[in-house]
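Have your viewer ready and keep the selection tool at hand. We will go from stop to stop together.

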Amino acid sequence: MIEKNKNRFSLGKVVATPGVLEALENTNQPPNEFLDRHVSGDWGDLCEEDQEANELALKNGDRILSVYYLKDNTKIWIISEMDRSTTTLLLPSEY
């Protein structure tokens, strides 16, 4: 069982695109609401296969992706790079 509220990896430098910042502001939701879930291993709305890929990525250093929905149903992504130097919040359309 995954222990929630425990950092499972380093986020590195956290950056966000203009689109996701506007979306978060529109719903009055702070980025940390989603970053905390991401870093604790709550991958959000991912299929089982992608969740398993994230668990493997924790061991072998691949990129980690989480998908969340804001209150207005806007989809956001959080991606932590392979070397864990950077984590980016973005809209899928900004990828």
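**Before you start.** This is a predicted model, in which local features need pLDDT of at least 70 and side-chain atom pairs count only at pLDDT 80 or more, while totals for chains, interfaces and linings use all residues. Numbering runs from 1 along each chain as its sequence is written, and side-chain values use heavy atoms, with hydrogens and water left out.

**Stop 1: strand 3.** Select residues 75–80, which make up strand 3. Strands here are DSSP runs of E with at least two residues, helices are runs of H or I with at least four, and both are numbered from the N terminus. Strand 3 is mostly covered, with 5 of its 6 residues buried; buried means under 20% relative accessible area, exposed over 50%, and partly exposed in between (1.4 Å probe, protein chains only).

**Stop 2: its partner on one side.** Two strands pair if DSSP finds at least two bridges between them. Look for Tyr69, whose bridge partner in strand 3 is Lys75. The two strands form a hairpin with 5 residues between them, and Asn73 in the turn has a positive phi of about 75°.

**Stop 3: its partner on the other end.** Now select residues 86–90, strand 4, which runs antiparallel to strand 3 and is joined to it by 4 bridges.

**Stop 4: helix 3.** Move to residues 48–60, helix 3, and pick out Glu52. Glu52 is partly exposed, at 45% relative accessible area.

**Stop 5: the salt bridges.** How many salt bridges are there? The count comes to 2, taking a salt bridge as a side-chain nitrogen of Lys or Arg within 4 Å of a carboxyl oxygen of Asp or Glu. Show the side chains of Arg8 and Glu55, which meet in one of them at 2.8 Å, N to O. Arg8 lies in the segment before strand 1 (13–16) and Glu55 in helix 3, so the pair ties together parts that are 47 residues apart in sequence. Arg8 is partly exposed at 32% relative accessibility, and Glu55 is partly exposed at 24%.

Finish with Arg37 and Asp42, which form a salt bridge whose closest N and O atoms are 2.8 Å apart.
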